[in-house]
Amino acid sequence: MRRSPLHRSPRLLAALAAVTSAIAAAPAGAGAAELRAAYLFNLSDVNGAIPMSWAGLAYDRSAGELYVTDRGAGEVRVFRQSGIEVQSFGDDEALGTVTDVAIREDGELFVLALKNGRAVLERCSYRGEPLAPLALRGVPAAFAKGFAPEAIRYSGGKLYLADKAHLKVLVADTDGGVQATYDLQAKVAAEAKNRDDARMTGFAVDPSGNLLFTAGPMFRAFVVSPAGEVRGFGTRGSTPGKFNVVAGIAADERGYLYVTDLLRAVVMVFDPSLEFVGEFGYRGEAPENLIAPIDVSVGKGQVFVAQGAMRGVSVFRVEIAGPDAAGG
């Protein structure tokens, strides 16, 4: 494990002095919420912005820390809310090739990795030190066939493992006991023109235990309740609020959804009733712009966006105000 000193901070003073606001108004209408987004900084070290492409993001709400899976470097980097890097792990091959990480309230980690071509789940300390493998118990035989998880999330004391290619999600307790399984292929494929388009692009779980995912080839996003009720939203297009190549998805503490679009290079925001609120980012080379935003994570008023083209992770301050966003 390689630790980063606490003084390794992004150029906060310079970034804050040059904050550029990107304000996106909600569609006109009585009672509509209003989105205000301002670029803050990119995750950086003493050498400047850290170049990464299409990193994976996981936010620890308890500690206010962001875990960034830098797949190109084969490591996980951990940042404070301020952008300070506090540690990194995973580059010693003890865990295999890390694909995703989930964080429990007490800081214990659950790391999903590839070893010898197989997905393995490892319980780790908050420092990323392996403690013990975590074996799943009670997986239904029919569900287990071909199940190959690519993403892991934690919410409300439960682990959520997603097989994106086959639209399967397994829910387990933190000791590996299976509590629920979701095979969403049939429900989602019913909306697809081509059955091969029915696969997950981005995956997340909100604080209420709803499954969130995007299906890029279908120009759709979905919310699945713990009871299995599926709601889809999104329309193909290039205007504000429309989907072109949707990718990442996340939810904040109040149930607002954040969806990234690779081609339009924006982050779109939808309210809990799935109505479009506004968007920010837009394609360009300026610091406040985005290039191929692949993943998004949200916490404590900040939105973290992982991009392509070695643009790293951009951080925005977001506020949602209006009658429908009391307390925003």
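**Close-up views of a predicted model**

**View 1. Antiparallel pairing of strands E6 and E7.** Over six bridges, strand E6 (residues 65–70) pairs with strand E7 (residues 75–80) in the antiparallel sense. Val68 lies opposite Arg77 of E7. The model shown in this and the following views is predicted.

**View 2. The open sheet formed by E5, E6, E7 and E8.** Four strands make up this open sheet, in the order E5-E6-E7-E8 and with antiparallel pairing.

**View 3. The largest pocket and its lining.** The volume of the largest pocket is about 470 Å³. Its lining comprises 27 residues, of which Tyr59, Arg61, Arg153, Tyr154 and Val205 are the closest to the pocket centre. At least two lining residues come from each of E5, strand E9 (97–103), strand E13 (151–155), strand E17 (203–205), strand E21 (246–251) and strand E25 (295–299).

**View 4. The protein as a whole, for context.** The protein contains three helices and 27 strands. It has 328 residues, and 57% of them count as buried. Among contacts with a separation of 6 or more, 47% are accounted for by residues 24 or more positions apart.

Conventions. Residues are numbered from 1 along each chain as its sequence is written. This is a predicted model: local features need pLDDT of at least 70, side-chain atom pairs count only at pLDDT 80 or more; totals for chains, interfaces and linings use all residues. Side-chain values use heavy atoms; hydrogens and water are left out. Two strands pair if DSSP finds at least two bridges between them. Buried means under 20% relative accessible area, exposed over 50%, partly exposed in between (1.4 Å probe, protein chains only). Contact means heavy atoms within 4.5 Å. On a 1 Å grid over the protein atoms alone, a cavity is a set of points where a 1.4 Å probe fits but cannot get out, and a pocket is an open set with protein on both sides within 12 Å along at least five of seven lines; lining residues have an atom within 4 Å of a point. Grid points are joined across faces, edges and corners, and a volume is the space filled by probe spheres set on the points.
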